[in-house]
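Work through the exercises below with the sequence and the model at hand. Each task is followed by its solution.

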Amino acid sequence: MTTQPRLPRRAARASRPRWSRHLRYDPIPALLSSDEPSLSYLARRDLLGEDPGPAANLWSLPAVERLLRKQRPDGGWSYPGGGIPKHRATEDYDQIETYRNLGILIEKYAGTRRLPAVSSAAEFLFSRQTHDGDFRGIYGRQYTPNY
């Protein structure tokens, strides 16, 4: 059995991306060997600056397909909690669920406007935009800049 010679510590650190050279351990090998395809895809794209291929390869993953099956025809997602009916009348739980799932599609699965679910979810959210340009409904009529 042959083993590869180990690089001196300085040489090993010099070959790593600049942002990671101050780290004690290189996280890249663990990210690239992840069983989660989206994690290795995003590590290649965002951390190594590589072209990992089209993001559409991620959009056919079972987790994405499960999420997309729950999307309504109007582009939104229904809030899964039972909730108290009187609160549902004053707060738009479906808006927060749509915002949350849109974030998952974009951040975890590299969703873009080329994924029809992203476009329809954006349309759903923009249908909630007020005349003044802000979004209300998640916290009743209260303006909030966090979404």
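**Exercise 1.** At roughly what angle do the axes of helix α6 and helix α7 cross?

The model is predicted, so local features need pLDDT of at least 70 and side-chain atom pairs pLDDT 80 or more, while totals for chains, interfaces and linings use all residues. Residues are numbered from 1 along each chain as its sequence is written, and side-chain values use heavy atoms, without hydrogens and water.

Step 1. Locate the helices, taken as DSSP runs of H or I with at least four residues, numbered from the N terminus: α6 covers residues 93-108 and α7 residues 116-126.

Step 2. The axes come within 10 Å and cross at roughly 150 degrees. Therefore α6 is roughly antiparallel to α7 (angles over 145 degrees).

Step 3. List the contact (heavy atoms within 4.5 Å). α6 contributes D94, Q95, T98, Y99, L102, L105 and I106, and α7 contributes A117, V118, A121, A122, F124 and L125.

**Exercise 2.** Is N101 buried or exposed?

Step 1. Apply the cut-offs: buried is under 20% relative accessible area, exposed over 50%, partly exposed in between, with a 1.4 Å probe and protein chains only. N101 has 2%, so N101 is buried.

Step 2. Look for partners. Apart from neighbours within four places in sequence, N101 is in contact with L67 and W77.

**Exercise 3.** Classify P73 in the same way.

Step 1. Find P73 in the loop between α4 (62-69) and α5 (85-90).

Step 2. The relative accessibility of P73 is 88%, so P73 counts as exposed.

Notes: Axes are lines fitted to C-alpha atoms, for helices over the stretch in contact, and angles run from 0 to 180 degrees between N-to-C directions. Helices (H or I, at least four residues) and strands (E, at least two) are DSSP runs, numbered from the N terminus. Angles under 35 degrees count as roughly parallel, over 145 as roughly antiparallel, 65 to 115 as roughly perpendicular and the rest as oblique.
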